[in-house]
Amino acid sequence: MPKRSDYDLILVGGGIMSATLAVFLRHLNPKLNLLVLERLPELAMESSNAWNNAGTGHAALCELNYMPDDPAGGLPSATKAIAINQQFQESREFWASLVESGVMKSPDTFIHSIPHMTFVRGDKQADYLARRFQSLRNQPLFAGMEFSKDPSKIATWIPLMLEGRAEEVVAATRMEQGTDVDYGAVTRQLFDWLIDSGVEVLTSHEVQSLKHSFSGWQLIARAGKQRISLKAPKVFVGAGGWALKLLQNSGIKEVKGYGTFPVSGHFLKTENPTLVQRHQAKVYSQAAVGAPPMSVPHLDTRVIDGKPSLLFGPFAGLNFKFLKHGSIFDLPLSIRFANLLPYLSVAAGNISLVVYLVKEILKSKKQKFESLKEFVPLANSGDWELYEAGQRAQVIKPSGAFGSLEFGTEVISSSDGSIAGLLGASPGASVAVRVMLDVIKRIYPEDFANWGGEIQKLVPSFGVDLNANANLAAASLQKTAQVLKLKA
Ligand SMILES: Cc1cc2nc3c(=O)[nH]c(=O)nc-3n(C[C@H](O)[C@H](O)[C@H](O)COP(=O)(O)OP(=O)(O)OC[C@H]3O[C@@H](n4cnc5c(N)ncnc54)[C@H](O)[C@@H]3O)c2cc1C
C-alpha cells in the first residue's frame with residue numbers, strides 16, 4: 001500500500017524508462033515525492049526484460065535501417081546514424097556516472113563488449129555497404145570501423161557464418177566498440193537504488209484510470225481486490241504498450257488520432273558452448289522486402305546473468321496485445337472515432353508490411369530454421385529452440401485525417417506539462433536517457449533550464465555535439481569504455 005495519498009510525481013510502469021526518469025529526478029531534486037506503480041508482481045518483466053528484447057546497444061554501428069541507400073548511388077547520409085550513436089553515447093555516460101557513484105553495480109552485470117557487424121550478400125548489397133562504410137569511416141563516433149569483402153578475413157570475425165557457405169559475393173563491416181546490454185539488469189539496479197534512496201516502488205498495482213481536475217491528477221489503481229485513489233500534480237506514463245490506453249483514458253487532446261500497431265517478436269536461441277564460443281558478434285543484415293525496420297534479421301551474442309548464448313531473429317507475429325502480458329482486446333478497445341481513419345489508412349498504405357507479417361505468422365519452425373541457415377549454413381536444428389520475446393507497440397501517428405506508421409519513440413505530453421507518456425519502441429531502451437531528458441524538459445520546463453549543470457554531472461556530453469569534435473568524441477568513448485570495462 002502507498003505510504004501517502006498524494007505525491008509530486010507518479011510514474012506508471014516498472015520498465016527502463018520509468019527507472020531512468022526517477023533516477024534523474026532523484027539526483028536533480030531529491031525533495032520530490034515519487035511513486036512508481038507496476039501492474040506485474042515484478043519489475044522489468046515486459047519489453048525491458050533481457051529475454052524480451054535483443055539487448056543491442058543501438059548506436060547505428062551495424063543497423064542498415066538508420067542509413068538507407070542513396071537511390072542515386074551516392075554516399076548514403078550519415079545524419080540519422082550519427083544522431084542515434086550520440087544518443088547511445090549519452091546512455092553509456094549516464095551508466096558510467098552511476099557505476100562511479102555506486103548507484104549501479106559492476107558493469108559486467110549489465111553490459112559487455114560485443115563487436116557490431118553488418119553482413120551482406122551479392123554485388124548490389126556489397127556496393128551499398130562499401131558506400132555506407134565510406135560515409136562513416138571518418139566520422140569521429142564511428143572511428144575504427146573495418147570493412148572487408150574478403151571471405152577469409154570475414155571468416156576470422158564470424159567463422160560460423162562463413163563455414164559451409166557457397167561461393168558468393170559477401171561483404172561486412174565490424175565495429176569493436178559495439179555492446180550487448182542486459183536492459184532488465186539495468187532496470188532492476190536502478191530500481192534497487194531508488195528503493196534504497198526512499199522512492200516508493202509498488203508492484204502488483206495496476207493503474208486503471210487517470211482523471212484531471214483543478215487540483216491535479218487523480219489515479220485509481222487496483223492492488224489485488226483493493227482499489228486505491230492517489231493524487232499527484234504530475235504523471236509519467238511509462239507503461240510500454242499500454243501507454244496509449246492510459247493516455248487515451250486521461251482525456252488529453254494531444255493523444256487524439258494516435259494508435260498502436262502491435263508486432264510480437266520470436267527468436268531462435270542456443271546455449272551450445274561450441275557455437276557460442278565461435279560467434280562473438282552482433283551481426284545485422286538486410287531486411288526482407290516489406291519487413292519493418294525492427295524485423296531486420298540478426299545473429300547475436302547475448303550475455304544474460306553471466307551466461308552467454310546466441311539468438312537469431314526476430315520473427316514477427318501479429319496479435320492484438322499491446323503488452324506481452326496484455327489482452328487480445330487491447331487493439332480493438334483502443335479504436336476511437338479520431339484514430340479510426342489513421343488505423344485504416346496505415347493498414348491500406350502498408351500492404352507490403354501486412355503481406356510480410358502474414359508470411360511471418362504462417363512460417364513453420366522449420367521455415368524459421370531455414371532463415372537461420374542463411375546466416376549459419378551448417379546450423380543444426382537440434383541446437384536451437386524457439387521462444388517468444390516482447391511485444392513491440394509501434395506508433396500510428398495522425399497525419400491530416402489519415403495516419404502514418406512510425407518506427408521511432410514518441411513522447412506525448414499535455415500542453416500544461418502535467419502528464420507525459422511514451423509511445424513506440426525503437427531504438428528503445430538504448431536511448432532511454434535522451435528520451436527521459438525530453439520528458440523532464442516537458443514536465444519540469446522551468447527547472448530544466450536550471451538543471452543543465454546537474455545533468456552534465458550525469459551525462460557530460462549533454463547539449464554537446466560529440467561528432468563535431470573528434471577529441472570530445474574520443475574522450476567520451478574512452479572514458480565510458482574505461483568505467484564500463486568495454487573495448488574502446
Ligand atoms: C522483440 C524486441 C526487441 C527489442 N530489442 C531492442 C534492442 O535490441 N535494443 C533496444 O535498445 N531496445 C530494444 N527493444 C525495445 C525496448 O525493449 C523498449 O523500448 C524498452 O524496454 C521500453 O521500456 P519501457 O519502460 O517503456 O517499457 P516496458 O519495459 O514494457 O515497461 C512498461 C511497464 O509498465 C507496466 N504497466 C503497463 N500498464 C500499466 C498500468 N496500467 N499500471 C501499472 N503498470 C503498468 C508493464 O507491466 C511494464 O512493466 C526491443 C523490444 C522488443 C519487443
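Here are a few questions and answers about this predicted model.

Residues are numbered from 1 along each chain as its sequence is written. Since the model is predicted, local features need pLDDT of at least 70 and side-chain atom pairs count only at pLDDT 80 or more, while totals for chains, interfaces and linings use all residues.

Q: Is Lys-31 buried or exposed?
A: Lys-31 sits in the loop between helix H1 (16–28) and strand S2 (34–37); helices (H or I, at least four residues) and strands (E, at least two) are DSSP runs, numbered from the N terminus. A residue is buried if 20 or more other C-beta atoms lie within 10 Å of its own, exposed if 12 or fewer, and partly exposed in between, with C-beta atoms placed from the backbone. Lys-31 has 5 other C-beta atoms within 10 Å, so it's exposed.

Q: Which way do Leu-9 and Leu-11 point from strand S1 compared with Ile-10 and Val-12, and are they buried or exposed?
A: In S1 (residues 9–12), Leu-9 and Leu-11 point one way. Ile-10 and Val-12 point the other way, and all of them are buried.

Q: What is the handedness of the β-α-β crossover from S1 through H1 to S2?
A: S1 and S2 run parallel, joined by 4 bridges (two strands pair if DSSP finds at least two bridges between them), and Val-12 stands opposite Leu-37 in S2. A crossover counts as right-handed if, with the strands pointing away from the viewer, the path from the first strand over the helix to the second runs clockwise. The one from S1 through H1 to S2 is right-handed.

Q: Which element gives the most to the shell around the ligand?
A: The ligand is surrounded by 42 residues, with Gly-13, Gly-15, Gly-240, Gly-265 and Gly-428 the closest (near here is a C-beta atom, placed from the backbone, within 6 Å). The elements giving two or more residues to that shell are H1, strand S9 (206–213) and strand S17 (385–399). With 4 residues, the one that gives the most is S17.

Q: Which residue in the turn of the S17 and S18 hairpin has a positive phi?
A: S17 and strand S18 (residues 402–406) run antiparallel, with 5 bridges joining them, and Pro-398 has Gly-403 as its bridge partner in S18. The hairpin leaves 2 residues between the strands. The turn residue with a positive phi, about 65°, is Gly-400.
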